[in-house]
Amino acid sequence: MKNQRFVIAAVTVALVLGQGSDEALALQPPHDASNTITCSNCHFPHPSSSALISRDATQDVMCRSCHNPTGQASTMSDIAMHVVNTGTTIVDCGSCHDPHGPQTTTNVHPPGSTAPNRFLVRGNTAKYVPAALEPAIYQVDTVDFAFGTGVGAPYNAICQTCHTSTVHHTNTGAPDNDHMAGLDCTSCHRHADGFLPQSCVGCHASPQDNGDGIPPGGRRAVVGEFPGGTVHAHLQGNPVSDADCQVCHDVTTHQNGSVELIDPDSGALYTFVNWTDLGSSPDVSDFCANCHDANGAQRLATPMDPFGGGNAPADMKSRFQGTVSLWEWYGDSCFGNEGTGRFVNSHHDISDADQANSGAKLECLNCHGAHTSADTQKLTDPDSPLTPWAGTVSNHCLACHDGGAGPGAPGMPTDVIAPMIDVDANGMPCNIPGNTCGVSQTNVSGLRPLNSCSYQNAPWWVQYNFAGMAHFGDSKRGWPGYSGAPGAVMECTTCHDPHGSYSAGNPAGNPYIIRDFVDGSSLVDDGDRFSGWNGPPWNTMGQSRAVVLTVTPGASPPPGGADPYTINWGGATGLCEACHVNWQASDFWHSTCGACQTCHGHGQVWGNADWVGQDDDTPCP
Amino acid sequence: MNPHVDLPAKAIDRFPAPREVQQGTFPDLSVRSVLQHPTRAALDGQGRLFVTDAKVGSVFVLDRDRRVVSEHKGLGRPLGIAVDSQGNIYVGSAEHRRVDVLDSKGRLFRVIGEGAIQMPNDLALDGDGNLYVADSLGHTVRVFDPSGNLTMNIGTRGDAPGELRFPAAIIVAARQDPKGSGAVELYVADQGNGRVQVFDLAGRFLRTFGEPVEAFVGEWRGSFVRPQSLAMDSQGRLHVLDVGLTKVQIMDPVSGDFVADYGTLGRSVGQLYLPLHIVMLPEGQVALTDSGNRRLEILRIPDTQAALGR
């Protein structure tokens, strides 16, 4: 039965291939009966089918079904396929090896001799890789054959038949051709690793660009991206090592030009090629969050100490758990209702679900550098992601929250997409009173600037000068009569947590990511500068306390007329009274008000004009 | 023959390369072990999974939650593995061509078959404590008594019924037939001959099924390219993992009839790339050593009864 199958197979293969060459059909050791191999093990002899072996992964699996530790060719099992150009160029087993070839070759350098070819390295490499140089000329080495070492030129053995454009491929010793001269390529680029270089930090200590466009811009000098000393947020005092790299990165297919992150919990892979990929996919924030959660990196045996430096991942994931689903719609006593008419989140739109809701795109790496962040500066420049942020935290926020040039041109940093809002033909948001937009409505990318919520007041995108308000620099503290005012300069993050406002006691969070705990301990109230009034409005200055903003949903979404929801900013658990508990009794005007935000927004909080109606803009919630 | 059914197996979990384990100290992260090439696996009575990695040279022990709880290192190229009721671990050593026996702490205390075994590819234990070794390059199954004495070789090199050519895997399993005899039999994945052969525990040939089929095209159901590993599920159905097909075929262990199949080639969760071993887990799950993806793949066994309308 088997003999009959063998004869049929051999004859049919000859017919289908049409080559008529005994050499092409011959079964030679080791791929012959000595290892129970027949034609039909690799070729299907039916005339209606191709007799050729499948390419790529299918061929890889077929070869490795024997060439694995449990297979018949277990002694030659340290192999992995050479994935090239993200798989668009197929370099499979047969590209370099001829399973029909003999285990000796006359194709050596210098010519006129024979050499062992135990690994059946192919001489006609251009058969499957058209651009390859051929023939591959094998150097006589001390053992079997070489991959390009030895004396004399040319040095185009099997690796160099394709790697002709790299600056170091020939190892001639000349400048740019001296990469590891004297070593076999496979001494560093092992077949078992798919020819991936063994050392992460060895290659990534310096840049290299061979001009093939993979990756764009060439190889990065990643080692230098990590700040020196003991200040890195991840490594905590250890020089970056290969093992550190592989805590976050999987290198199985790195040779194809992609960079893969390995999920700290599940081991799933996040594949991307370059930084610009972060604007589309994959969702790298999931990768970050799965380590920066309550249980760390579950893939590791020491999940709360992934780098071995004692630096536990801070739990950020829980901050993103809750959200609120309220139409962003607010009003004031002077200008009426306004808003963008969208659901708001109680955190930045990191998750895919939030991004689907808002149309925004933001990832952890837009603000933090996985390589560049230091303990002393965890922020990175959103427009230059490999550069640590050099400004204030508030100005970092303004990189996005300055309004840009208005809806449609919000001036977002690299790969950040602002939430989508509906505007009319003049670029004004649709959800302002009396502006229904109609057919001229357009959905554009936009983000409200922090200084102004009043979209109808052109130019609404004018960036506010934060140096002019009390919660930042240049407050009234320098004015005559106010010498005793608080000396602290606050940042956006004093009141807002950019990671979100979820807490166990307030699982829905709140709009505008107000912190659930405000640390005012450093904000010192040092005097009574309202003698004859009702005492200082901030008589809790210097204290810290939890903040829970109560939100009262409205009856209908906008533009329904009335403010559809109410946030209690100044109540007993509100934000403002964390410091200004005595605000309502402090003066006449306050005694008639119900909420701080009715008159005081970002632009009016004890600045040059501290309430609505003065020179600054209208209040924001 | 039963109508065949292609059933997608549902991936319920995957366990990629653990970067480190909880045993020992690791002064340098670069020496921490990585599950690079999960090879064979065995389940102990406590539900723990023991996985050999022929490239790391270790046995990884995973608890019921499939967390790595320990690693037994320095085993060369470990292949087949089995665990007895005392917690002793039997490891086939390709490097030393023998079976190493480790205690539950991973300490080597006995070797079996040195000088007799060429390639201890897969191991199995019967209820009497006899050890069965699929000696692939010896083209036979060697049987050792509980004292480690070679008592029998089952099969010799050849392609006739009862003969073997590169037996890659074995299991000792009770056959659930309608008579309820519960006969315990030895199933051998006769890889070189592309078939499964069945013997009684005295080494007598009983039956064979399947035949070799070409790798890529043609009707493969009920036939094999590279039968690589065997397992018997709780319903008495034989699961045959074929590394050449990248599929598991569910078969009637008596008639050899094809019932269903699962497994697809790929890198995604639930897919397989060069799977080398299959182990039955409780609650209708199987674990596969997915060597090309460097992970264990935990799949839920397809409900063939429902799919077949039974």
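**Entry 1: a hairpin.** I began with the hairpin of strand 20 and strand 21 of chain B, which has four residues between the strands, and I noted that Thr246(B) there takes a positive phi near 55°. Strands here are DSSP runs (E, at least two residues) and helices are DSSP runs too (H or I, at least four), numbered from the N terminus. Strand 20 and strand 21 (residues 247-251) of chain B run antiparallel and are joined by five bridges; two strands pair if DSSP finds at least two bridges between them. I looked up one partner: His239(B) has Ile250(B) as its bridge partner in strand 21 of chain B.

**Ground rules.** I am reading a predicted model, where local features need pLDDT of at least 70, side-chain atom pairs count only at pLDDT 80 or more, and totals for chains, interfaces and linings use all residues. Residues are numbered from 1 along each chain as its sequence is written, chains are lettered from A and ligands numbered from 1 in the order in which they are written, and side-chain values use heavy atoms, with hydrogens and water left out.

**Entry 2: the other side of strand 20.** I then turned to strand 19 (residues 227-232) of chain B, which runs antiparallel to strand 20 of chain B and is joined to it by five bridges. Ser229(B) stands opposite Leu241(B) of strand 20. These two strands also form a hairpin, with five residues between them, and Gly236(B) in the turn has a positive phi of about 75°.

How many residues of strand 20 (residues 238-242) of chain B are buried? I found five of its five, where buried means under 20% relative accessible area, exposed over 50%, and partly exposed in between (1.4 Å probe, protein chains only). In a regular strand the side chains alternate between the two faces of the sheet. I saw Leu238(B), Val240(B) and Asp242(B) point one way, with His239(B) and Leu241(B) pointing the other.

**Entry 3: a four-strand sheet.** I next found an open sheet in chain B, with antiparallel pairing and the order 7-8-9-10. Strand 7 (78-83) and strand 10 (108-112) of chain B are at the edges with a single partner strand each, so one side of each has no neighbour in the sheet. Strand 9 (residues 98-102) of chain B pairs with strand 10 of chain B over four bridges, and Leu102(B) stands opposite Leu108(B).

I also checked Ala94(B), in the loop between strand 8 (89-93) and strand 9 of chain B. Ala94(B) is partly exposed, at 26% relative accessibility. Leaving aside neighbours within four places in sequence, Ala94(B) is in contact (heavy atoms within 4.5 Å) with Arg77(B), Leu79(B) and Pro120(B).

**Entry 4: aromatic pairs.** How many aromatic pairs does the structure hold over all chains? I noted two; rings of Phe, Tyr and Trp (its six-membered ring) pair if their centres lie within 6.5 Å, and planes under 30 degrees apart count as stacked, over 60 as edge-to-face and the rest as tilted. Phe199(B) and Phe205(B) have ring centres 5.9 Å apart and planes at 75°, so this pair is edge-to-face. Phe199(B) is buried at 1% relative accessibility, whereas Phe205(B) is partly exposed at 33%.

Trp220(B) and Phe258(B) have ring centres 6.2 Å apart and planes at 85°, so this pair is edge-to-face. The pair links distant parts of the chain, 38 residues apart. Trp220(B) is buried at 14%, and Phe258(B) is buried at 1%.
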